[in-house]
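Here is a briefing on helix packing and strand pairing. Look over the sequence and structure first.

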Protein chains: 2
Amino acid sequence: MRNKKGQAFGEFDLIERMTGPAGIFSKNLRTGIGDDCAVISGDASFDILLTSDLLVEKIHFDRRWFLPEQIGGKAFLSSLSDIAAMGGLPEFALVSLAVPRSVAGREAEALYRGIRDAAGQFKVTLAGGDLSGSDGRIFIDMMHVGRIEKGRAVLRSGAKPGDRIFVSGTLGDAALGLRALQSDLKIESAEPFIRRQRMPEPRITLGRALSSGRLASAMIDLSDGLSSDLGHLCKSSGVGARVRFKDLPVSKDYRRVCMKLSVDPVSNLLHGGEDYELLFTVPPCDLMGLKQARLPVPVVEIGEILTVSEGLSVEFPDGGCIELASGGYDHFRMDG
Amino acid sequence: MRNKKGQAFGEFDLIERMTGPAGIFSKNLRTGIGDDCAVISGDASFDILLTSDLLVEKIHFDRRWFLPEQIGGKAFLSSLSDIAAMGGLPEFALVSLAVPRSVAGREAEALYRGIRDAAGQFKVTLAGGDLSGSDGRIFIDMMHVGRIEKGRAVLRSGAKPGDRIFVSGTLGDAALGLRALQSDLKIESAEPFIRRQRMPEPRITLGRALSSGRLASAMIDLSDGLSSDLGHLCKSSGVGARVRFKDLPVSKDYRRVCMKLSVDPVSNLLHGGEDYELLFTVPPCDLMGLKQARLPVPVVEIGEILTVSEGLSVEFPDGGCIELASGGYDHFRMDG
């Protein structure tokens with residue numbers, strides 16, 4: 001559901017181009033292409049959330065650093081994050097899998113087991129799927145179906161100037177974990193970062209708290225990185241934003257492990273993807289409500305929504321301010 | 001949603017193995033893995049149908065014989081057939097696409113255009129999807145979401161001994177069309193068969209008539225071929241069947257084109273896939289109702305459901321009777 005990937009074809013955002021108003025035939029479509037999930041009308045009390053995420057070997061994961069079970073688990077959990085980003089409750093999933101002959105048999109079973117175990121963790125029912133051959137790579141397409149109370153889905157498009165920007169958890173961990181896996185150095189303190197790279201924690205409970213409490217005006221999950229995903233949210237909302245670098249939450253040992261791995265801690269924090277934390281905006285009148293809410297994960301305020309003409313920027317402690325250009329993952333740029 | 005593909009891994013049917021009773025967490029799941037679609041409870045008046053179909057280049061289609069638009073159109077229409085096979089009304093689709101660089105740009109646009117045009121033909125709203133790179137092949141995963149009146153979904157599992165077996169349209173056409181495309185001969189009378197190979201016609205309206213009239217006790221679409229798909233239906237229903245060869249409906253010119261292309265007309269009729277006609281069973285008490293129903297496509301009776309111990313067989317006009325073993329497409333057998 002990430003429209004960003006469409007940039008792969010240069011100026012065309014194919015998935016968005018694919019549908020115009022002329023392509024919307026159902027009166028039940030509340031939100032279509034361009035958000036984390038599509039929202040469709042269920043009955044009088046709930047809406048249905050739909051999302052699909054395609055994971056391709058060597059682009060989204062590498063068998064050198066992941067066991068088949070870990071690939072399956074990560075495919076499931078990372079795609080489930082789109083349901084969290086709407087404030088929804090996951091319910092069903094469909095799995096389409098293409099595997100080369102060399103992976104058939106026990107390895108494919110292990111991959112499925114990883115999916116099944118992750119589904120069990122979130123009480124998601126695997127309701128179908130498909131299986132095919134492939135030439136060399138593993139392809140996993142995960143489709144999730146969730147529910148949410150009528151009209152409560154938190155879209156990307158609801159942010160307004162003056163709203164405060166929050167994130168959950170810590171940033172840059174998963175990207176740092178990937179660098180640790182890619183490195184020849186064995187660094188014990190990098191283990192927690194490697195775990196975050198291997199096993200995302202979709203913030204379902206946090207998303208539920210925010211949507212049911214009507215606390216967030218807009219929300220997205222951090223899959224591509226802060227710069228990219230804040231950019232998507234701002235584009236959808238027609239706003240700008242300023243982020244305070246000093247307030248970005250980092251893990252214990254973050255800087256130390258960055259140093260050992262020769263990773264630029266600033267760039268990794270702003271652009272590193274796959275943390276699957278939630279980025280959301282809160283109107284000033286709801287700040288007290290947020291403060292009083294019992295949330296399952298720490299959240300911190302990192303900046304403010306501005307008008308679109310003020311652009312997207314990050315403010316550093318020395319008073320300097322730079323444009324926050326999207327530096328997240330481009331699937332085609334790194335492919336081949 | 002085709003459980004057959006699981007046979008690719010020998011004894012394991014991975015998709016079925018993936019879920020046991022322990023993996024069903026939602027009370028809203030009415031029918032899970034193993035039918036054409038999953039059926040989940042919507043509200044008091046309707047159920048929701050979910051299905052996904054993965055199409056892989058060189059396994060499911062070949063760029064030598066299909067323009068990008070035709071690939072997109074066929075991917076959409078063939079997968080939509082699973083909604084027809086339940087008697088459902090299609091409403092939304094999600095498209096996940098992996099394309100190699102060599103196909104990016106105009107060709108990928110044409111592929112999407114084929115999908116969009118096919119969706120428009122059935123008034124299906126494209127509600128989302130994903131896009132990624134690939135190494136060499138095109139991968140298309142189509143997910144369909146449909147609706148059906150509560151409790152009216154026609155499953156594979158409802159056939160009982162004594163029920164009559166019907167099919168719509170004509171059989172063996174699409175497989176013959178593929179042979180015509182693969183042949184160096186240019187045969188004008190093969191054109192209609194090539195069209196059926198290139199552009200399936202999911203029998204949505206027929207499926208709707210059968211489900212709303214409660215006329216069919218079990219139903220499946222003919223994607224893998226008569227032998228395979230009747231086998232799936234019988235296995236799900238715990239029954240056997242006998243088919244009368246003389247009653248299998250064939251197109252005008254079928255035998256003549258088979259001859260010109262050196263295709264065995266019997267084997268092609270029994271095992272040729274991709275016709276996307278509906279195969280369904282009707283209890284004796286509903287035969288009159290079926291006869292009186294205004295159906296959009298001709299249907300013919302081709303045999304009868306027997307007990308499981310009587311097996312699956314085909315009876316020839318000379319009185320001979322052979323076991324109808326599954327001879328449909330095996331995705332791994334032909335891959336590589």
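Strand 7 (residues 164-168) and strand 10 (residues 278-282) of chain B run antiparallel and are joined by four bridges. Helices (H or I, at least four residues) and strands (E, at least two) are DSSP runs, numbered from the N terminus. The model is predicted: local features need pLDDT of at least 70, side-chain atom pairs count only at pLDDT 80 or more, and totals for chains, interfaces and linings use all residues. Residues are numbered from 1 along each chain as its sequence is written, chains are lettered from A in the order in which they are written, and side-chain values use heavy atoms, without hydrogens and water.

**Sheet**
- Phe166(B) has Phe280(B) in strand 10 of chain B as its bridge partner.
- Seven strands of chain B form an open sheet with mixed pairing, in the order 8-10-7-11-9-12-13; two strands pair if DSSP finds at least two bridges between them.
- Strand 8 (218-221) and strand 13 (321-323) of chain B are the edge strands, each pairing on one side only.
- From one strand to the next, the twist averages 25 degrees.

**Helices**
- Helix 6 (residues 204-212) of chain B lies across strands 7, 8, 10 and 11 (299-307) of chain B, at about 15 degrees to strand 10. Contact means heavy atoms within 4.5 Å. Axes are lines fitted to C-alpha atoms, for helices over the stretch in contact; angles run from 0 to 180 degrees between N-to-C directions.
- Helix 4 (residues 173-182) and helix 5 (residues 191-198) of chain B pack at about 105 degrees, with axes 7 Å apart.
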